[in-house]
Amino acid sequence: MSRDDDVLVVGAGQAGVQVACLLRDAGHRGAVTLVGEEPVPPYQRPPLSKGFLTGSLGADALALRDQDYWGARDIGLVLGEAVTEVVRGGHGSGRARTDRGRTVAFDRLVLATGATPRRLDVPGGDADGVLTLRTLADAGRLRDRLRAARDVVVVGGGFIGLEVAATAAALGARVVVLEAGSRILGRVVSEATAQHLAAHHHANGVEIRTRARIVEVVTDGGDARAVLTTDGAVRADLVLVGIGAAPRTGLAASLGLRTDGGVVVDEHALASDGTTLAVGDCTVLADPTPWGDGETSVRLESVDHAVEHAATAVRTILGESTPHTAVPWFWSDQGSAKLQIVGLRRPGDVATLRPSGSGRHVVGFHRRGRLVAAEVVGSPAEFMALRTLLGARHPVPVEVFADPEVALRQLAKQARSATVTAR
Ligand SMILES: Cc1cc2nc3c(=O)[nH]c(=O)nc-3n(C[C@H](O)[C@H](O)[C@H](O)COP(=O)(O)OP(=O)(O)OC[C@H]3O[C@@H](n4cnc5c(N)ncnc54)[C@H](O)[C@@H]3O)c2cc1C
């Protein structure tokens, strides 16, 4: 790959934007074209389920770059057009066509197509007032409807569902979360953290019903009126469906690339043809943590991952073959509760609750005696310390982690100076 390659990035979200910007930052000389199907300049998604819904952040505040950035960096930004077809040449080159008939030639293709929300597949699931949340347009609709909503049902006790539930309750709605599993956040956090957050939501007036089986959204004149479960009906004038997102792999599949719950990429962000790159939410990759087993595959949906993965792809394009290793981190603001996660937990890891003050909650996960992940609520300083410790691979035995007399910040300081000394 070369600095003179013309690069086409499909998808102008967090990961695609990062690829384009980093290429120019690194002095890439070839053309850089970024094509996004959404008709608005690239923006941050996290506030869509938080500040944007409450009205504390307007759409202007979400922009990933200033308006004049793209021209100044000579990045060809094409908005409101979807790439629908790619014809390959040799050695990774080819030609892409958009739904508006534009053709873009490239030497190097980067897929950054993200994910699309899963829909509720029951009668009435497509009624007016049954919404999903992924884009600024979705968030605009949800925000408008929330203002008038009295009875909000959130389907799915995952990150997005619970963030919206907290916001809706704060805006004065009666909120019921219907979760299919035996607890909230079943895929993404430990039992202890789920319990801590469930208590927070109850205290803020959000009702959570687990093991919920939804059979229908009852409508009247096309509008949602109730959600019918096997246990009865729940009144609803607004239904937010937050049951996960499916990776957008259509283009990759049409190119014959391997997909398996995402575009399969190696440690250089290369897809199975060895030349196309793929980054961010649309991909599946080997656990990138330093203590990953090289076999477990993960699909990571976070800003941190999108940004770090983009950096790996850019190094690959520039011919620097540095493999992607990272200790991923993630945050979720659920009303006043800030959840932060670092590392990747696996079944079998030993969970240890660190004694903490009121409102704070810190759990560490050890694998063969090594700290591999942590979940923190309401303690950003301890989270930062844990991120540093994990990043530096500093040993934190279970008994040290569990000892409230040990200041994690002090340990992190030692880890930082040890890293500097080692250099
Ligand atoms: C409501 C919400 C809240 C979130 N909150 C947090 C949070 O608190 N913390 C956190 O770490 N992460 C959060 N995330 C996750 C984070 O935003 C994503 O992980 C990140 O945006 C992924 O970036 P991406 O570029 O891979 O995908 P996306 O940002 O989804 O971008 C993909 C883009 O590609 C476009 N596209 C797809 N196919 C085509 C095509 N064929 N042609 C042209 N364009 C195409 C899509 O329209 C989209 O704009 C949140 C996500 C959402 C939706």
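# Close-up views of a predicted model

**View 1. Cys282 is tucked away: its relative accessibility is 0%, so it counts as buried.** Keep in mind for this and every other view that the model is predicted. What is the relative accessibility of Cys21, the other cysteine in this view? The value for Cys21 is 2%, so this residue counts as buried too. Cys21 is in no disulfide, and the nearest cysteine sulfur to its own belongs to Cys282, 17 Å away. A disulfide is a covalent bond that links the sulfur atoms of two cysteines. To count as one here, the two sulfurs have to lie within 2.5 Å. Seen from Cys282, the closest cysteine sulfur is the one in Cys21, and a gap of 17 Å is too far for a bond.

**View 2. Trp329, Trp331 and Phe383 make up one aromatic cluster.** The structure has four aromatic pairs. One of them joins Trp329 and Trp331: the ring centres are 5.9 Å apart and the planes are 35° apart, which makes the pair tilted. Trp329 also teams up with Phe383, with 6.2 Å between the ring centres and 55° between the planes, so this pair is tilted as well. Where do the two partners sit? Trp329 belongs to strand E22 (residues 329-334) and Phe383 to helix H9 (residues 380-391), so their pairing ties together parts that are 54 residues apart in sequence. Phe383, at 1%, is buried.

**View 3. Strands E4, E5 and E6 line up, in that order, as an open sheet.** The pairing in this three-stranded sheet is antiparallel. Which strands are at the edges? They are E4 (83-88) and E6 (103-106), each of which pairs on one side only. On average, neighbouring strands of the sheet are turned by 20° against each other, if you ignore direction. Look at E5 (residues 94-98) and E6, which run antiparallel and are joined by four bridges.

**View 4. Glu81 sits in the loop between strand E3 (75-79) and E4.** What does Glu81 touch, leaving aside its neighbours within four places in sequence? Its contacts are Val35, Gly36 and Glu37, together with Thr98, Asp99, Arg100 and Arg102.

**View 5. Arg143 places its charged end over the ring of Phe52.** That charged end is 4.2 Å from the centre of the Phe52 ring.

**View 6. Arg345 lies over the face of Phe365.** How far from the ring centre is Arg345? The distance for Arg345 is 5.5 Å.

Definitions and conventions. Residues are numbered from 1 along each chain as its sequence is written. This is a predicted model: local features need pLDDT of at least 70, side-chain atom pairs count only at pLDDT 80 or more; totals for chains, interfaces and linings use all residues. Side-chain values use heavy atoms; hydrogens and water are left out. Two strands pair if DSSP finds at least two bridges between them. Helices (H or I, at least four residues) and strands (E, at least two) are DSSP runs, numbered from the N terminus. Axes are lines fitted to C-alpha atoms, for helices over the stretch in contact, and angles run from 0 to 180 degrees between N-to-C directions. Contact means heavy atoms within 4.5 Å. Rings of Phe, Tyr and Trp (its six-membered ring) pair if their centres lie within 6.5 Å; planes under 30 degrees apart count as stacked, over 60 as edge-to-face and the rest as tilted. Buried means under 20% relative accessible area, exposed over 50%, partly exposed in between (1.4 Å probe, protein chains only). A charge sits over a ring if NZ of Lys or CZ of Arg is within 6 Å of the ring centre and within 35 degrees of the ring normal.
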